[in-house]
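Q: I would like to learn how to read a protein model step by step. Could we go through one together?

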Amino acid sequence: MPQKVTPRFVEPMRLLRRSCDAIRTNGAGYTGSMTGSPSLFEPDLPEGFRYRDNVITNAEERALLDAIAHVAFADFEMRGVVARRRVAFFGQSYDRAPTAPLPAFLLPLRAALAEWAGVDADAFAMALINEYRPGSPIGWHRDAPQYDIVAGVSLLSACRMKFRPYRPPASTAADSRRRSATHEIVLLPRSAYLMTRESRHAFEHHIPPVAALRYSVTFRTLR
């Protein structure tokens, strides 16, 4: 279903500056590596979901946040409701409307995630930056069908991601019983995930309201 966005340029926010100042740096430059360590005890997650901590350094996170502070974000409207999060699309958008090309500061991150996913960097045809202000959630959903692999990096603060088996809208409308999450993981700052196969197509996911300002950068391949 088409979504409507309302562009609005965002100057560097006082909250973002304060949060960035709190990040310790440990060098400069982007390493372009996905050699972060997996958790000691792997969580129970849908098949095809992969996760790694510390895939970028504090300095790399700071550089991304500094660049994101100058991004033009937009309100995101879906099914007539304006979401609390704000978005910036690059490349191939959800409704295939023209959008800006991927900015240069995202290209090394895209290349590193593509190497981890085992695809060419250009296969990630779409990039999305989400801004989650405190209290912002993202509701239960499965990504648009024209996309396949989803790769994401979390910035600035942690969040929880929950999963449950996907059910078509028609079957959901016929059964009004409350449905609970079947899987859950905490996405830490500077971590990355890949959502493929069952986790991408057989499950839907949801992020409850975040406690602190958070950004995510996600890339998607076309089917």
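Q: How many helices and strands are in the chain?
A: The chain has five helices and 12 strands. Keep in mind that this is a predicted model.

Q: What is the average pLDDT of the chain?
A: The average is 82, and 74% of the residues score at least 70. Where this score is low, the predicted coordinates should not be read in detail. Here, residues 1-32 stay under 50 in pLDDT. The model does have 72 contacts beyond four places in sequence for residues 1-32.

Q: What share of the residues counts as buried?
A: Of the 223 residues in the chain, 48% are buried. The accessible surface comes to about 11,200 Å², and 54% of that belongs to carbon and sulfur atoms.

Q: Now the sheets, please. How do strands of a sheet pair?
A: Strands of a sheet pair through backbone hydrogen bonds, and the pairing is either parallel or antiparallel. For a case in this structure, take the open sheet of four strands in the order 6-11-8-9, where the pairing is antiparallel. Strand 6 (138-141) and strand 9 are at the edges with a single partner strand each, so one side of each has no neighbour in the sheet. On average, neighbouring strands of this sheet are turned by 20° against each other, direction ignored.

Q: How many bridges join strand 8 and strand 9?
A: Strand 8 (residues 159-165) pairs with strand 9 over five bridges, in the antiparallel sense. You can follow individual partners: K162 has E184 as its bridge partner in strand 9, and F163 has H183.

Q: Which side chains of strand 9 are buried?
A: Strand 9 covers residues 183-187, and its side chains alternate. H183, I185 and L187 point to one face and are buried.

Q: Let's move to helices. How many of the 11 residues of helix 2 are buried?
A: Eight of them are, so helix 2 (residues 58-68) is largely enclosed by the rest of the structure. The buried residues are N58, A59, E60, E61, L64, L65, A67 and I68.

Q: What covers the buried residues of helix 3?
A: Let's name those residues before their cover. In helix 3 (residues 107-117), the buried ones are L109, R110, A112, L113, A114, W116 and A117. Their cover includes strand 2 (49-52), helix 2, strand 5 (124-132), strand 7, strand 10 and strand 12. Just after helix 3 comes G118, with a positive phi of about 80°.

Q: Could we look at a single residue too? Which residues does A151 touch?
A: A151 is in strand 7, and its relative accessible area of 0% makes it buried. Leaving aside residues up to four places away in sequence, A151 touches L113, F124, Y193, L194, V217, T218 and F219. A151 and A192 are 41 residues apart in sequence, with 7.2 Å between their C-alpha atoms.

Q: Which parts does the salt bridge between D143 and R220 tie together?
A: The closest N and O atoms of D143 and R220 are 2.6 Å apart. D143 lies in the loop between strand 6 and strand 7 (147-155), while R220 is in strand 12 (residues 214-222), so the pair ties together parts that are 77 residues apart in sequence. D143 and R220 are both buried.

Q: Which residues are linked in a network of salt bridges?
A: R86, E131 and R133 are linked in this way. Between E131 and R133, the closest N and O atoms are 3.4 Å apart. E131 counts as buried because its relative accessibility is 1%, whereas R133 is partly exposed at 37%.

Terms used:
Residues are numbered from 1 along each chain as its sequence is written. Side-chain values use heavy atoms; hydrogens and water are left out. Buried means under 20% relative accessible area, exposed over 50%, partly exposed in between (1.4 Å probe, protein chains only). Helices (H or I, at least four residues) and strands (E, at least two) are DSSP runs, numbered from the N terminus. Two strands pair if DSSP finds at least two bridges between them. Axes are lines fitted to C-alpha atoms, for helices over the stretch in contact, and angles run from 0 to 180 degrees between N-to-C directions. pLDDT is the predictor's confidence in each residue, from 0 to 100. Contact means heavy atoms within 4.5 Å. A salt bridge is a side-chain nitrogen of Lys or Arg within 4 Å of a carboxyl oxygen of Asp or Glu. Accessible areas come from the Shrake-Rupley method with a 1.4 Å probe; for residues, only the protein chains shown count as cover.
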